[in-house]
Amino acid sequence: MRGKHKMPKAKTLFVCNACGYETGRWLGQCPGCHAWNTLEEVPVALAQALSRAEALPAAGAQAIRLSEVDLTELPRFSAGFSELDRVLGGGVVPGSLVLLGGDPGIGKSTLLLQSAATLAQKGGLLYVTGEESPAQVRMRAQRLGVTQADIWLYPQTDCGMIEAEVKKRKPGSVVIDSVQTLISPEQNGMPGSIVQLREGAGRMMRLAKETGCAIFLIGHVNKEGGIAGPRVLEHIVDAVLYLEGDRGLKYRILRAAKNRFGSTNEIGLFEMKDEGLVQVDNPSEILISPRAQQEAGSVVVCPMEGTRAMLVEMQALVSPTSFGTPRRMSTGFDYGRMAMLIAVLEKRAGLPLGNQDAYLNVAGGLRLDEPAADLGVIAAIASGFTGLAVGAGTAVFGEVGLTGEVRAVSRAQTRLAECAKLGMHRVLMPQDNLAGLKVPEGIDVIGVRTVSQAIQQLLPIARGSRAQ
């Protein structure tokens with residue numbers, strides 16, 4: 001008896017929905033990002049189509065000499081907040097695709113809805129809402145004081161319908177809330193899946209380049225703290241911004257994780273109020289507390305965030321441990337580097353911290369990654385251990401090495417100018433930064449070469465001052 005004819009099985013690939021890694025067989029753990037149970041089966045033809053979809057149309061493209069490329073400055077326009085413009089690299093670039101991510105309720109939709117009032121002045125704005133009804137968006141807009149007539153609400157999740165509406169109205173800017181709701185009916189997968197994310201982001205990128213409108217995508221953050229499908233979307237969009245902060249606190253920090261049109265070192269600071277987000281033009285004034293500077297363990301440091309110098313309060317609490325191994329905790333500063341600096345204090349400055357719990361906190365919810373904050377950590381922990389206050393009006397900055405040396409840092413003049421503007425009257429900094437430095441009037445600048453010198457200058461009776 002002749003057997004029945006069997007249809008050939010369609011070839012498939014397994015794609016990680018967290019990082020986009022592709023493999024020919026299913027694996028429990030993704031080799032790319034090491035996440036578990038994130039591989040989804042996708043037909044090979046679909047995966048190839050998605051890869052082609054992410055590329056821009058090349059019809060009519062011609063090779064051009066590098067020396068003949070036009071370097072005319074991109075015609076940016078304001079997003080309504082100077083802090084947002086700073087993080088974007090100087091303003092919004094027409095034809096760009098920007099992804100804004102953050103925790104639920106952190107203020108992503110609020111920020112872009114407030115910006116819509118200014119963005120609408122450049123050719124109108126189309127607000128595509130896939131999660132809220134137009135009535136909900138309007139109620140929030142009224143609370144924020146946004147009533148411009150050139151803002152159009154479009155409740156839609158179909159990519160094809162969105163493309164048609166954008167080409168019909170020709171707005172200057174588009175906001176899509178959120179990218180996880182976008183769906184292409186011709187593709188497999190649920191909204192928010194790796195297939196739909198790649199397809200939706202790719203189509204929005206082509207739409208931005210074809211029409212010249214700036215498109216903002218709002219993205220959700222997963223439990224690991226990254227935008228869902230981060231590596232899948234990061235290589236497609238022009239800029240990736242994160243709005244950070246604790247919903248229980250009033251301050252929000254806007255950072256750039258990627259920016260094709262500017263630096264990724266800039267930050268923007270906002271304050272959440274009843275009327276929405278209000279930008280903070282001078283962060284130093286709110287990040288330091290005059291009262292706290294009178295207490296032991298509190299030190300003012302001057303880190304750089306991009307081109308901006310800021311004064312930030314760093315606090316340390318040191319107390320005898322009740323356990324066999326002392327506890328070390330750090331908020332806003334790298335834990336490993338904190339442990340290294342404590343070891344430097346023990347070895348190079350002679351402070352017996354081996355039986356002391358140490359807790360470090362950067363006030364205001366900021367995260368300091370710059371080495372220039374090292375000397376501030378040293379000073380705060382030494383002050384907390386000895387019980388001696390550094391004193392109000394004192395700021396410190398400098399990098400600390402394993403041999404206890406205080407190394408020079410960049411932009412010392414800019415840091416010193418910020419200290420003068422905020423009324424600091426004493427600044428402790430690396431000795432090597434003093435050459436050619438213009439010291440503002442009314443500031444006493446002290447250069448140090450070692451950790452021991454720094455502690456003796458800040459806490460003259462630090463050595464052996466702890467009650468025995």
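Student: Leaving aside neighbours within four places in sequence, which residues is Leu311 in contact with?
Tutor: This is a predicted model, so take everything here as computed. Leu311 is in contact with Ser284, Leu287, Ile288, Val300, Val301, Cys302, Glu418, Cys419, Leu422 and Met424.

Student: And where is Leu311 in the fold?
Tutor: Leu311 sits in the loop between β15 (308-309) and β16 (312-320).

Student: Is Leu311 buried or exposed?
Tutor: Buried. Its relative accessibility is 0%.

Student: How far is Leu311 from Leu287, in sequence and in space?
Tutor: They are 24 residues apart in sequence. C-alpha to C-alpha, the distance is 6.9 Å.

Student: Zoom out. How many helices and strands does the protein chain have?
Tutor: Twelve helices and 23 strands. The chain has 468 residues, and 50% of them count as buried.

Student: Now the core. Which residues touch the most other members of the largest nonpolar core?
Tutor: Met314, Phe333, Leu345 and Ile455. That core has 48 residues. Helix α10 (residues 374-386) gives the most to this core, with eight residues.

Student: Take Leu345. What does it touch, not counting residues up to four places away?
Tutor: Gly350, Leu351, Leu353, Ile378, Ile381, Ala382, Val451 and Ile455. Ile455 is also on the list of residues touching the most other core members.

Student: Which residues does the second core include?
Tutor: Val87, Leu100, Ala116 and Leu241 are among them. This core is separate and has 35 residues.

Student: Switching to charges. How many salt bridges are there?
Tutor: The count comes to 21. Side chains of opposite charge can pair when their charged atoms come close.

Student: Which residue does Glu266 form a salt bridge with?
Tutor: Arg86, with the closest N and O atoms 3.8 Å apart. The pair links distant parts of the chain, 180 residues apart. Glu266 is in the loop between β10 (251-259) and β11 (267-273), while Arg86 is in helix α2.

Student: Which of those two counts as buried?
Tutor: Glu266, because its relative accessibility is 8%, under the 20% cut-off. Arg86 is partly exposed at 29%.

Student: What about Glu132 and Arg140, how far apart are N and O there?
Tutor: 2.4 Å, and their side chains meet in a salt bridge. Glu132 is partly exposed, with 26% relative accessibility. Arg140 is buried at 11%.

Student: Where do Glu199 and Arg203 sit relative to each other?
Tutor: They are four residues apart in helix α6 (residues 194-211), so about one helical turn separates them. Glu199 is buried, and so is Arg203.

Student: Which residues are linked in a network of salt bridges?
Tutor: Glu244, Arg255, Glu305, Arg367 and Asp369.

Student: Last topic, the surface. Which residues form a nonpolar patch there?
Tutor: Ile64, Leu66 and Val69, with about 330 Å² of accessible area together. Ile64 lies in the loop between α1 (44-54) and α2 (82-88). Ile64 is exposed, at 54% relative accessible area.

Terms used: Residues numbered from 1 in each chain as written. Predicted model: local features only at pLDDT ≥ 70, side-chain atom pairs only at ≥ 80, totals over all residues. Heavy atoms only, no water. Helix = DSSP H or I, 4+ residues; strand = E, 2+ residues; numbered from the N terminus. Buried < 20%, exposed > 50% of the residue type's maximum accessible area, 1.4 Å probe, protein only. Patch = residues over 30% accessible without salt bridge, like charges linked within 9 Å, V, L, I, M, F, W, Y side chains within 5 Å. Areas by Shrake-Rupley, 256 points an atom, 1.4 Å probe, with all protein chains shown as cover. Salt bridge = Lys/Arg side-chain N within 4 Å of Asp/Glu carboxyl O. Contact = heavy atoms within 4.5 Å. Core = buried A, V, L, I, M, F, W, Y, C linked by side-chain atoms within 4.5 Å.
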